[in-house]
Amino acid sequence: MATPTAFDSEAPLEKLLPIIRRNPDDMQEVEMVEARWGSNPRFSDGTSYRFVRSEGKTFPNQRCLVPASEFHMTVGDKQYRVKLDDGNFFYLAAVLEPAMAEWPLSFRVITVAANPEVSRYQDRHGAIILRRQRMQWLDYTIPEIDLLETPPARTFVVEEITSGPRQKALAL
């Protein structure tokens, strides 16, 4: 498995990013493939949506995970990195859209209401799936409502990115 990297909300639409999913040809196998971040604009008046709200929705199929060591936020002209307090990498819950015509396999990140650390900067963030929960998400063994929760206070450390080029990798 590739090393998780920062999930960057400024990633260009055409960028292919790594995701983890069940292999559609062999559901016993978990695989890492590349997919485009954002829905096919053909079905939404030319707009590609990158997120889907968790509230009131179920995701009974096409689940995937986006591996990340942190995610980035831009607020005004400041940039921030958000990491788990314990330093572990994590996954962002996402849903796949199959490839169609010229549009490749793609995904949208599922969002939840921001936890206390992040809510000082923005209202929502990607739904965090911890490493111990990854198979529960991929195998549909736990209802979405139990996995797609706002993390409690003191889950994240938020740091301003003050020097050097901003790391470009995955997008949130």
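A residue is buried when its relative accessible area is under 20%. In this predicted model, buried residues make up 47% of the 172 residues in the chain. The chain exposes about 9100 Å². Carbon and sulfur atoms supply 48% of that area.

The chain contains eleven strands and three helices. Their order along the sequence is β-β-β-β-β-β-β-β-α-β-β-α-α-β. The radius of gyration is 15 Å, close to the 16 Å given by the globule rule for 172 residues, so the chain is as compact as a globular protein of that length. The C-alpha trace spans about 45 × 35 × 30 Å along its principal axes. Among contacts with a separation of 6 or more, 70% come from residues 24 or more positions apart.

Aromatic pairs were examined next. The structure holds four of them. In one, the ring centres of F71 and F156 lie 5.7 Å apart and the planes meet at 85°; the pair is therefore edge-to-face, since planes over 60 degrees apart fall in that class. F71 belongs to strand β5 (residues 63-75) and F156 to strand β11 (residues 156-160), so the pair ties together parts that are 85 residues apart in sequence. Both rings belong to buried residues. F71 has a relative accessible area of 0%, and F156 has 5%.

Another pair joins Y80 and Y121. Their ring centres are 4.5 Å apart and their planes stand at 45°, so this pair is tilted. Y80 lies in strand β6 (residues 78-84). Y121 lies in the loop between α1 (116-119) and β9 (124-126), 41 residues from Y80. Y80 counts as buried at 11% relative accessibility, whereas Y121 counts as partly exposed at 25%.

The charged end of R36 sits over the ring of W103, 4.5 Å from its centre. That of R63 sits over the ring of W137, 4.2 Å from the ring centre.

R63 also takes part in a salt bridge, with E144 as its partner. The closest N and O atoms of this bridge are 3.1 Å apart. E144 is in helix α3 (residues 144-147) and R63 is in strand β5, so the bridge ties together parts that are 81 residues apart in sequence. Both E144 and R63 are buried.

In total, the structure holds eight salt bridges. One of them joins R22 and D139, with the closest N and O atoms 2.6 Å apart. R22 is part of strand β2 (residues 16-23) and D139 of helix α2 (residues 134-139), so the bridge ties together parts that are 117 residues apart in sequence. R22 is buried, at 16% relative accessibility. D139 is partly exposed, at 32%.

R124 forms a salt bridge with E55, and their closest N and O atoms are 2.8 Å apart. R124 lies in strand β9, and E55 in the loop between β4 (51-53) and β5. The two residues are 69 positions apart. R124 is buried, with a relative accessible area of 17%. E55 is partly exposed, at 41% relative accessibility. This bridge is part of a network: salt bridges with shared partners join R53, E55 and R124.

Key: Residues are numbered from 1 along each chain as its sequence is written. This is a predicted model: local features need pLDDT of at least 70, side-chain atom pairs count only at pLDDT 80 or more; totals for chains, interfaces and linings use all residues. Side-chain values use heavy atoms; hydrogens and water are left out. Rings of Phe, Tyr and Trp (its six-membered ring) pair if their centres lie within 6.5 Å; planes under 30 degrees apart count as stacked, over 60 as edge-to-face and the rest as tilted. Helices (H or I, at least four residues) and strands (E, at least two) are DSSP runs, numbered from the N terminus. Buried means under 20% relative accessible area, exposed over 50%, partly exposed in between (1.4 Å probe, protein chains only). A charge sits over a ring if NZ of Lys or CZ of Arg is within 6 Å of the ring centre and within 35 degrees of the ring normal. The radius of gyration is taken over C-alpha atoms; the globule rule is 2.2 Å times the number of residues to the power 0.38. Contact means heavy atoms within 4.5 Å. Accessible areas come from the Shrake-Rupley method with a 1.4 Å probe; for residues, only the protein chains shown count as cover. A salt bridge is a side-chain nitrogen of Lys or Arg within 4 Å of a carboxyl oxygen of Asp or Glu.
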